[in-house]
Amino acid sequence: MDPLEIARWQFGITTVYHFWMVPLTLGLGPVVAIMQTLWVRTGEERYLRMTKFWGKLYLINFIMGVATGLVQEFQFGMAWSEYSRFVGDVFGAPLAMEGLLAFFFESTFLGLWIFGWGRLSKRVHLATLWIAVAGSVVSAFFIIVANSWMQHPVGVEIIDGRPVMVDIWAVLTNNTAISAYIHTIFGAFAVGGAFLIGISWYQLWQRRRDGIDSVDAGGRVVVGSSATIRGRDKVDHSVWIKSLRMGAIVAVVAFSGVAVSGDIQAKLMFDQQPMKMAAAEAACKTGTSFSVLAIGDLGSRDCNDVVSIIEIPGLLSFLAHGDFTTEIKGVADLVPEYQANFGTNLPNEALLGARAGDEIQYVPIMAVTYWGFRLMIGFGGLAAFAAVVALWLTRKGTVPQSKGIMQLAVVGILAPFAANSAGWIFTEMGRQPFVVAPNPNPSGVDGVFMFTAAAVSPGVSFVEILFSLVALTLVYGVLMVFEVKLIVKYVRGGVVSAMPDLDRKDDDPDHPDATPSDDVLSFAY
Amino acid sequence: MDVLPTVWFIAIAALWIGYLLLEGFDLGVGMHMLVTAKSETQRRVMLNTIGPVWDGNEVWLITAGAATFAAFPFWYASLFSALYVPLTLVLLGLIFRAVAIEYRGKGSSERWTRSWDLALGLGSFVVAFGVGAMLTLTTTGLPLNENGDRVGGAFAWLNGYAVLGGLAVVGFCLVHASTFLALKSDGTVRAAAGRWFTRWTPVALLPIVGWVLVVQFQTGTIITWALVAVAVVAVLWGYLNGRVGREGRAFIGVAVFLVAGAASIFAAVFPVVLPSTLDHAFDLTIQNASSGDYTLAVMTWVTAFGLPLVFVYQGWTYWVFRQRVSDHHIPAAHVVRPATGE
């Protein structure tokens, strides 16, 4: 059996999984840092509580991102050794920079932040969080630079058949990287925003169900305080309403950023990877129409099987070029061009093993690109719409008592996650059959490309990769259960779950632990 | 003269030594939590000695891997693909370890805590063993063909050297962690770590001594033998000091032993980065495995700027958390209950 297919599944599963943790880390981190900044500036209790609570969830998620990120770095060498040999000169550099210039900061300063409560001065402690958050944001940049080089290779020359880096600046300022980075960061903020909205909504709803808060005849919220439920005092209400509205603002801003950067990125992609965009549109023939709905067998790679039901004339041209008339090449016209430039069959090289001489499929699986593109936009738009609705519904300072709306808000957390995954799957699958996509674009480097089929490790067997696929997928599945379990548990516990001191004060003001002695660590594993 | 590839060989050796030196005690603490600790409080004291620093320490591994990819892509590709199965296990160990440290204290049942302890201890063992085996095979060689690909199946790497090297790093981590725990904790954990150090150090260090000697007899030079001598003197000095409770000196002695011993190994194999056991014509060396000079120059600038900074802020972290951890520092376990009226 072919190790290539299983290696692709392995890479796809581990990468998409890793990218469930990363956007939450990227999106939630800056918000927690802002909360702590507000606390340091104003000294208001609610901001401290917000920092502690959201910080706890941030850490539960952060560690999963770290643990699964390790796999990403190792698997290039393990499963894709030919790829690593071919591109190492240019691709390894941003990865090493990520470690040296970003990840060291992120991990070291996060350790300082976690354990530094009460040990560092307030300002220094706040700075450790900002540095850690900046580390994540910079780290993401280097990773996107590496990925974008595979989408649009720049800054290299071919020497002895290998791309050799000649211009690091070109690699770091690759237009594909800049637009993809901005798009990804805003996509991550959308995740953070929905997370804040959903969880805060649940808390506010619970306060109303438990009769702590109510609404008076004029529709104004009456904030109450519970004598029996731990942590449900008046400050608690402002923690959640403030978090919710911060989340909604983050989500709305994120969506504007995602839309603008997505448009720029799509225009670049029409230029740099025309086949990907044609497949995303299921555009068989050259034309100007954007398809909203198509049927037929999108998986067949044969365009004649695709029937477009709703088309908007001119829109495709507008997306690609900003006018309504320029014709965009369809799949049927692109295939012969690709065949002329890159051949019809894989070369007869020993390294390719049984794949040598195979016919090359230049059309990616259309069902994946077509629906991946639409799901990304659809889920992203849904999340943005939900955020606007949330702002409207909470304008008076509380949520409606409806359980159904609360459940929608909680489920809504998943929408931007789905949008992010769909976007990545679209952009990576749409690049096939290339692992390093060739450049038809004059600003890129000519002749730098690599077929995915030529990238897999020649010495590694199907069974080895299958073993890692099964083992990692199982472990990932189990860990997902634990992560969700812990997040649910801490969410149900409310702020008190992250602030034991608050608990002691609530339970019994005369308890000897109410003011812990200086000797006890304010945070310990 | 291949100046830049030589510089990068030294840099990667330094990253690996940095990793073993720093995460060595994290891994050892993970194992001691299973082996040496007698109570939940002792385990929590142990874990909290590495709490603020372990994640930063692990980045040395990530950077060592990525730097190898950038500076010696052929070395990275051949080594990692040849060791597919053991590296998968190392990855699983790293995943479990990281998650266990963060999650063990967040559950409420004893079964939860004990399960994560097991994940942490076994994960640490697998990582130490796997990294040791990998580094040893880098010095003793793998069956690689002319393209640098492993021949002979998924377990072609498994031989006596791999086991020796695996045990070497496991043994070193246990010793290193016992000096670290003795230095960083107080009370029962400090005493237990001291006792472990006195009793087990001579045995636990045998495999690493074996590995050093194998490499020295194969390709040693006067310089590398001098490094071995430094390592021997350092470890004897550290051990004798540790026996009489001078914990700081014991820690320094073991640390110098590691640095000098590992340096002797890297220096002895230079300029080969990965020998082929099939034919020395297929050996990967700093010349035929490295990236171009431009890439290496860029990386040198980045490292010259970045690494000293890492030293400064990681050093500062150790300074901030210099206080010993003991039983009375550990807060009571906090039970998380739903904040609801139901």
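**Close-up views of a predicted two-chain model**

**View 1. The cis peptide bond at B:Pro271.** B:Pro271 sits in the loop of chain B that runs between helix H11 (247-269) and strand E1 (272-274). Helices (H or I, at least four residues) and strands (E, at least two) are DSSP runs, numbered from the N terminus. The bond from B:Phe270 to B:Pro271 is cis, and its omega is near 5°. This is a predicted model, in which local features need pLDDT of at least 70, side-chain atom pairs count only at pLDDT 80 or more, and totals for chains, interfaces and linings use all residues. Residues are numbered from 1 along each chain as its sequence is written, chains are lettered from A and ligands numbered from 1 in the order in which they are written, and side-chain values use heavy atoms, with hydrogens and water left out.

**View 2. The fold of chain B.** Chain B contains twelve helices and two strands. Along the sequence they follow the pattern α-α-α-α-α-α-α-α-α-α-α-β-β-α. The radius of gyration of chain B (taken over C-alpha atoms) is 21 Å, close to the 20 Å that the globule rule gives for 342 residues, so chain B is as compact as a globular protein of that length. The globule rule is 2.2 Å times the number of residues to the power 0.38. Taken along the principal axes, the C-alpha atoms of chain B fill a box of roughly 70 × 55 × 40 Å.

View 3. An unreviewed UniProt entry carries the annotation "transmembrane region" for several spans of chain B, including residues 155-175 and 294-316. UniProt positions are given in the numbering used here, feature names are shortened, and annotations may be inferred rather than shown by experiment. In the model, residues 155-175 of chain B are 76% helix and 0% strand, with the end C-alpha atoms 30 Å apart. Residues 294-316 of chain B are 100% helix and 0% strand, and their end C-alpha atoms lie 33 Å apart.

**View 4. The interface of chain A and chain B.** The contact (heavy atoms within 4.5 Å) takes 90 residues from chain A and 85 residues from chain B. Together the two chains bury about 8,100 Å², 70% of it on carbon and sulfur atoms. Buried area is the accessible area (1.4 Å probe) that two parts lose on being put together, summed over both. A:Arg85, A:Phe104 and A:Tyr525 supply 12% of the area that chain A buries against chain B, more than any other three residues.

**View 5. Salt bridges and the chain A side of the interface.** Two salt bridges are found across the interface of chain A and chain B; the term requires a side-chain nitrogen of Lys or Arg within 4 Å of a carboxyl oxygen of Asp or Glu. The side chains of A:Glu464 and B:Arg150 form a salt bridge, at 2.8 Å from N to O. Among the elements of chain A that each supply at least two residues to the side touching chain B are helix H2 (45-79), helix H3 (81-116) and helix H14 (462-493). The largest share of that side, 25 residues, comes from H3(A).

**View 6. Two loops of chain A.** A cis peptide bond joins A:Gln432 and A:Pro433, with omega about 10°. A:Pro433 is in the loop between helix H13 (414-429) and strand E7 (434-436) of chain A. Elsewhere, A:Asp160 has a positive phi of about 55° although it is not a glycine. A:Asp160 lies in the loop between strand E1 (156-159) and E2 of chain A.

**View 7. A:Val335 and the extent of chain A.** A:Val335 is placed in helix H10 (residues 331-342) of chain A. Not counting residues up to four places away in sequence, A:Val335 touches A:Met275 and A:Val363. A:Val335 and A:Lys122 are 213 residues apart in sequence and 61 Å apart in space, C-alpha to C-alpha. The C-alpha trace of chain A spans about 80 × 50 × 40 Å along its principal axes.
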